[in-house]
Structures are given as C-alpha cells and as structure tokens.
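Q: I am new to this structure and would like to go through its aromatic rings. Could you show it first?
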Amino acid sequence: MEITVRETIKKTVLKHLKEKNGLILGQCLSAVGWVGGTIPELTEKEGVIELSMADVANGGIVVGAGLSNRRPIYVIRYQGFNWFNAPIILNYACKSKELWNVPCPIFIRGIAMEGSIGPVAGSSHCSLYYRMPGVKIISPMTPKEYKLAYKSFMNEDEVYYVSEHRASYGNHKELNDFLSDDVDIIIFSISITRFEAQKVKETLEKENLKIAIANILWIKPFEIKDQWLRTLEKSKHGGIILDDDYESGVASDMAYQLMKLSSKKVEVMGLKNQSAGFSKKSDNLPPNEKEIIKKIREIIKKNVNYKNTL
Amino acid sequence: MNKNFRLEIFKKASLCRNFEERVIENVNNKKITTPVYVSAGQEFIAATLSSICKKKKIKPLIFGQHRCHSTYLAFGGNIIKLIDELLGRESGCTKGKGGSASIHSKDINMFGHDGLMGSNGPIGVGACFATKKPTIIFLGDAAAEEDYVLGALGWASHKKLPILFIVEDNDLSILTKKSVRRNWNMKDVARSFKLEGHDIKDDPKEIEKHSNLFFKKPMLLNINTNRIYWHAGSGIDNKKTFDRFRNEKTKLGNQAIKIDEQYKINIKKLWKLQLEKQ
Ligand SMILES: Cc1ncc(C[n+]2csc(CCOP(=O)(O)OP(=O)(O)O)c2C)c(N)n1
Ligand SMILES: [Mg+2]
C-alpha cells in the first residue's frame, strides 16, 4: 500500500528521535490521537516533550532547545496559535545566525485546518512568518514533499516553518505541475488549494479551457521556476494564485513578484477579509472549486472585454 | 450555609446540568454540528459564584473561558439565545458565530472569548482597571499557565483591582494532566504575587467561605472540579468521575429532586420548541 502524508510525518519524527537524537515538543502531544496520528507513541525519555500551556514561553523554550544540536521539531496544533508562539522564534531564532553566527535550526510544524473551528485557530498563517527574515517556509502536501522538507532542514541550519494541512494527511499521491505554451490561464496554488486546483483543471478542460498548474511548495524563498514564467507569459489571460491564508499576505506578494517578472496580470484568491466563527455559516474557508471557476471566468471575461476596447 | 441558599445554588446548577444534558443529546443526534465544550460536572462553580453575587447585589464584568455554558446560564444569560447560538442561528447570543466557545452577552456583562486560551486574563484585568468594576475572570487549569495570564495576575495585584480570578481546575488540558505539565499550583503563584489565593473544592460551602473578601481585594480561587464529558463533544472519559451535582442532589433530598425534575421538563420543552423552529 502507498504511504500517506500522515505515515510519512510519523516515520520522519520517529527517525528524528531515534537516529538523530532529536526532540519533538508541543502541547498535549500524547493525547487524543497523537496529533492526527503524526507522532510516534513514545515517551518523554525518547524525546516526546509535553510543554505546559504557556504558549509564548513555549516558543522561547523551543528556541533554546534549537541552540543545542538537537534540532527540535515544534508542533503548533493550529496555525492561528502562532500569534502567541511565533514572537520569540521570529525575533531570536530567525535572527541568531545573522547576528551572532549561532544557528538555531527548528522545524516548526504549523498545522492548518478549517471548518467550524472558530475565530483564531484555523487555516494557514504563513504570512506571519513570511515578512520576517531568517526563516524558510515550505508547505508540503505529499509524502515526497514532506521527505524533501525534512531532508533540506537536516542539511541546513535554518529555521523551517513547515505549513502542514490536516486535510492532506490522508493523501498518498504526488501532485504534478501541468505546464504548456498554450493555456488560457495558469493556477499557482498553495497548501490545500492544490487539491482544488486539480479539480478546477479537470472541470474547465471539459469546456475546452486550457489550464496550467504550478504547485507552490517553497513559499520562502519563493522559488519561481523558469517554466512557470514561460507558461504565464504565453498564457492568454495570465495567472491566479490560490492560498489558504488571507489574500493580503503571501499570495499578494507572490503575485507582485510574478507580475514584475512577466507582462501578465496575476490575481489572488485566499481567505476572505473577515473573521471565521464556529457555525458553518460563518466559516471562512479557502477557495473551493466552484469559487475558483467563477473567478477564472470573471478574469477571462474582464480580459476579453478589455482587449475588445483597445 | 443555610439550606435555602444552598437550594438557590442547586437550582442554578440544575438549570446548567439539564441544559448540558440536552446539549449532549443534540450532539449525539447531530442537531448540533459544531464543537461544544460542555461544562457538566463543573456547574457548581458558576452556580455558587452567581448566587453570591446576586446576594451581594453585584453585577460583575464576566470574562468567561471556552467552557462557559454554565457561566452564562448561572449569571442569568438567556437560555433560548444560547440554544440558538449552539444551533448556529443569527438569533443566538453571539449571532450564531460564536458557537459554544465564544459566548457573549451584553445583558449580563459577559464578554466573548476568542478561542486563544487565557487571553481573557489580561483582557479582563484591563477592563477591570479601566472601569474599576467588580470583575470575574474564568480560566481553566491549563489556561492559567499561559505566560500572559501570569503577567496579568501580577499587575492586577499591584493595582489592587476588585477582581476575582477563578481557576476551574479539572486537572485536564484536553487529556493531559497537570502533573505532566507542572509541579506548582496556582494558589502558591497567586500568593507569591501577593494576591489572596486559595485552593478549594467546588463545594458551595467552601466557595462561600471566601466570599467576604470578593472584590474587596484581588483574589484567586483555584477550584478543584471535574469535567464529566469529553474536552469537546459528548463522550465520557471516565465513568467513575466524581459528580458534585449528583452528590448535592442526594444530600439535599426531596426538595432538590423536585427542582431538578421540573428543570428537566422545562428545559426539554425549550429545546424541543427551538428545534421545531428550524
Ligand atoms: C493559546 C492557545 N493555545 C492552545 C490552545 C489549544 N487548546 C484548546 S483548549 C486547551 C486545553 C484547555 O484546558 P483548560 O484551560 O484546563 O480548560 P478545560 O478545557 O479543561 O476547561 C488547549 C490546549 C488554544 N486554544 N489556545
Ligand atoms: Mg482543565
């Protein structure tokens, strides 16, 4: 049987603890399903460390552990908690190497999830980290990508913010780019929206629209592949970035970078500019297939109208 | 404690317990689909505190935590609005957005919780400082560990605020016990900050014993209690968990049994009516 993202993470953590003298720290790790089955059921002696509830201090404790050679993995169960967990990481760990030549490698597992979980917890919050120096951000959604994230981390001495999404844990498939010189639009998608992008492509191609897909794995540094730019440049209607974070962060910045490097427009679609609640009606979910298709149609229509007025 | 007052408290507890029983029922039959943080087992804390406040004719500012149905109900929150809230309706006390964890009610001076555990610590201290109104801040035993809660305790003490910190200590952070998380207790922390600090049971008599000093000086009560249902949802972790409600009912006898039966019928009716409106 093919191995899922969940099993990959669990194996990675196990290897980190057993073979690399590593640590994993977080809140309530050993309770209720071991963080969605991504943590091996080990003891504190074996490196699974239960922290108290002091979220701000916890971030600092992990930074301290990062100054040792134990390369701590830090679990932030919902990415929204970064508002408390991130300050010492961003202001110390991420600057330590540059200021004092003391690296502080930490592998932060920020976990996104959404749907009826209220105002603060859910979705991706990469933008909080994105604007600060000294951090790498990667958002693996497949087993291979997760392995790559870990391997890169172990080969470097950087702070890694690994933006996970619970809905990807059951996935065992790899997600490939679709690029060509003859497309209507190119979708650049991040995190969980990458699965939606695949569906959008399938549906729209039945209507004879040609859709390219660029899977964004590396968020910071934002790795723009030559072939992505080429597809964008040659596309009829430009590009759209899909994100599981608010639009005015990572996604808008990426759109700006892509537009600087091409002559095409790149739109963004992410979480709406509103707080989520607990009820279904007040959810703030990442763009789904239907919404993306609607937006793409609008982009195409606007573009055609614009061209007609020239 | 005289028997009438004890029955008064029991009434509120019975309201809370019967409400929670219906919540559990409606989670199980999928009428409630959002996460619920049920306070059954812990209701004597809110029931006793609200009865004491009523007796003192004090309407405090209330900063509840996520597990706050009993807080809301005991302090006089409208029950229909809470039912609607849990059903995600706009007519709910938080317009159907807050769900179980972010209950807000202007009517009873209860401020919504944002879901970040313990944030209500500093926020409540700020509100108390700015208004000088008697204020109660409810925290879980885990939320009380938050750094910003500890900072807020110190400052509240320094400013001698009319504030009551209530730690609803069920010895659990989701499923992680205190002993895994720390080797100190909140009473000692409070005292080291020069707050009046006590570690007590959720027995109404024990809570009442300290009520003379409520809002006269900053105080922290770490109240040991028991959560009967899961952290979120309707399951039961341990069937042998001590149930203060059952205990009080037995001790108080016939009068309490009658009160409880009446609440059971009334609250069932209210839920039924609201569910039919869907
Ligand atoms: C800042 C922050 N960190 C972590 C969490 C995740 N979390 C939600 S409830 C909870 C446990 C709360 O335990 P306690 O404060 O004792 O309240 P109880 O649920 O026992 O009533 C945790 C860790 C959170 N919501 N907010
Ligand atoms: Mg607790």
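Q: Which residues form one aromatic cluster?
A: In this predicted model, one aromatic cluster consists of A:Phe107, A:Tyr146, A:Tyr150, A:Phe153, A:Tyr160 and A:Trp218. Residues are numbered from 1 along each chain as its sequence is written, chains are lettered from A and ligands numbered from 1 in the order written. Local features need pLDDT of at least 70, side-chain atom pairs count only at pLDDT 80 or more, and totals for chains, interfaces and linings use all residues, while side-chain values use heavy atoms, without hydrogens and water.

Q: Why is the pair of A:Phe107 and A:Tyr146 edge-to-face?
A: Their planes stand at 65°, with the centres 6.1 Å apart, so the pair is edge-to-face. A:Phe107 belongs to strand 4 (residues 107-112) of chain A and A:Tyr146 to helix 6 (residues 143-155) of chain A, 39 residues apart. Helices (H or I, at least four residues) and strands (E, at least two) are DSSP runs, numbered from the N terminus.

Q: Are those two buried or exposed?
A: Both A:Phe107 and A:Tyr146 are buried, that is, under 20% relative accessible area, where over 50% is exposed and in between is partly exposed (1.4 Å probe, protein chains only).

Q: And what about B:Phe10 and B:Phe245?
A: Their ring centres are 5.0 Å apart and the planes at 15°, so they are stacked. Both B:Phe10 and B:Phe245 are buried.

Notes:
Phe/Tyr/Trp six-rings, centres within 6.5 Å; stacked < 30°, edge-to-face > 60°.
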